[in-house]
Every structure is written in C-alpha cells, then in structure tokens.
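User: I'm new to this one and would like to go through a few of its local features with you. Could you take me through them slowly?
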Amino acid sequence: MEQPIKILIVEDNVIIADDMQSMLEEIGYEIVDNVIVYEQAVEVLKTKQVDLVLIDIILASDKTGIDLGKHIRENYNIPFIFVTSNSDRATVENAKTVKPNGYLVKPFEQQDLYTSIEIALSSFNYNEKGSSDKNSASNAPTESNKVMSNSVLKDSIFVKKQHLYYRIQFEDIHFIKADNVYLEVNTVDKKFLVRSPLKDYLEKLPSQKFYRAHKSYIVNVDHIEAINSKDILINNNLIPISKEFKEFIISAMNS
C-alpha cells in the first residue's frame, strides 16, 4: 500500500510548529512527531520511520538545528530542510556546512513549504549511503526536476501523483508499462504515471524480482500467474514477453 511522506518537525516555537503541522497535514503529509529540542529529535529518528525533517536552526537547547543536521548527515540518508528567521550571511554560511536540502525563511506560506519539500525529495541524492539504520536508503539513483519524480528507499519507492509523494512497497508493484515518454506503474488496484525511460527505472528496482519481460514492460516475477508461448498473466492483464524472457521463466520453473 502507498503511504504519505512522513515528516518530523523540530521547532521550539510551539505556535509556529502547530501552524506548520496544520499546513502539512492539509497538503497530505503525515507528521511523525513535533518536537522542540535536539535530544527529542534524535530519539524520534532512532525509533520511528522518518522520510524528511524540518529543522529550526535555533532550538531551545544547547545544541542547535545545525548540530541536528550534522547528526542526520552522519547517521541517516534522508533529506532535511532548515526553517529559520535568520537569513544573514553568517547563519547561511554556517548552515551550508551540513549541506541542507533546503532553506526556508520565516514567515512563509503553505505553498513555500510544499515547494521546498517537493524539491528536497525529488533532488535528494540517495546514492550517498548513510548508516545501516532503518531510515537509510539503498544505493539507487534518483531523478530530479522531472514532471513525475521518484526517490528510492530500501524496500519501497516514492512516486509523485498530483501534489503528493506516495510510498509504494516494491512487493506491491505488479508490472510497469512504457507509454511514450511516461511509464505506467501498476499495483493491484492503482496506476501511477512516471516520466522516465524504462531502462533507467529498471535500475531503481530489486534485480532479483524485477525483469524486463518485453521492450515495453517490466514485471515483478512474484506476481506471474500463468504463461503461454507469447504472454504472461498478471492480475488479469495479458503482458507480451520476449523469447529470452520466456526461456528464462521456463528455465526457472524447471530448476
């Protein structure tokens, strides 16, 4: 099942924090937690699934948001955005040292928040491995600045639909069909459009489960229900297959 993006808010002004949470939930994001100090944020990251963090630079503790950004960079492979009232050169230069994925100056509107999150998610480089923690991403490429952007985690992929990024478990993907410049990602009951070459998208998926069955199709072999000389059946869809893929499936069946 697809899941909304899970966001952690780290902001010591509770009025601003509550306002941010309301704006984000209205858009469709899920707020994992809303905390005010570094230590609370570290604990949430350790115990809960977090896809993106919004961090106030000045916190109600000795350790700052920049310290938290450094902690995330060293231990997790997820994007974070600094949210601050300070846009002076010294603050910006200090913030740049931990390479945030966005910098949002207060006050801001809901659209500013949404745009910053979307850009951070779509352009984040998941090739840079973090720790072995459950929040770390797998070594897979991402696409940036495309109509439908995708980013990969260890057991799932994010697919953008309208104004939300949905998280789809790899096991829930049945097959992917190429249609001109778009791909149609099919789950048991939903379809998502993605702008990507089929070959590039195949590289984002687990190689032990997903195969290019035809020049226009990628299939999840776990969902193959039947096969004949020209097609396979997945979820009541007849999918054409190449000679090579047919031979591969038959060999696998007989092994």
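User: To start, where is N236 found?
Analyst: This is a predicted model, and in it N236 is found in the loop between strand 16 and strand 17. Although N236 is not a glycine, its phi is positive, at about 70°.

User: And is N236 buried or exposed?
Analyst: N236 is exposed, because its relative accessible area of 69% is over the 50% cut-off for that class.

User: What about N235, where is that one found?
Analyst: N235 is found in the loop between strand 16, residues 231–234, and strand 17, residues 237–240. Its phi is near 50°, which is again a positive value in a residue other than glycine. With a relative accessibility of 24%, N235 counts as partly exposed, since that class lies between the 20% limit for buried and the 50% limit for exposed.

User: Switching to helix 1, which of its residues are buried?
Analyst: In helix 1 the buried residues are A17, M20, M23, L24 and I27. Looking down the axis of helix 1, these buried residues fall within an arc of 130°, so they line one face of the helix.

User: Why would residues spaced like that point the same way?
Analyst: An α-helix has 3.6 residues a turn, so residues three or four places apart point the same way.

User: OK, and what does the face turned away from the buried side carry?
Analyst: That face of helix 1 carries the exposed residues I15 and E26. For I15, the relative accessible area is 67%, and it therefore counts as exposed. I15 also forms a nonpolar patch on the surface together with V14 and I36, and the accessible area of the three together is about 280 Å².

User: What caps the N-terminal end of helix 1, and what follows the helix?
Analyst: N13 caps the N-terminal end, with a side-chain oxygen that lies 3.1 Å from the backbone nitrogen of I15. Helix 1 is followed by G28, whose phi is positive and near 130°.

User: Last topic: which residues does the cis peptide bond join?
Analyst: The cis peptide bond joins K106 and P107, and its omega is about -5°. P107 lies in the loop between strand 6, residues 103–105, and helix 5, residues 110–123.

Key. Residues numbered from 1 in each chain as written. Predicted model: local features only at pLDDT ≥ 70, side-chain atom pairs only at ≥ 80, totals over all residues. Heavy atoms only, no water. Buried < 20%, exposed > 50% of the residue type's maximum accessible area, 1.4 Å probe, protein only. Helix = DSSP H or I, 4+ residues; strand = E, 2+ residues; numbered from the N terminus. Arc of directions from axis to C-beta. Polar contact = N/O pair within 3.5 Å; in protein donor to acceptor, adjacent residues only side chain to side chain. Patch = residues over 30% accessible without salt bridge, like charges linked within 9 Å, V, L, I, M, F, W, Y side chains within 5 Å. Areas by Shrake-Rupley, 256 points an atom, 1.4 Å probe, with all protein chains shown as cover. Salt bridge = Lys/Arg side-chain N within 4 Å of Asp/Glu carboxyl O.
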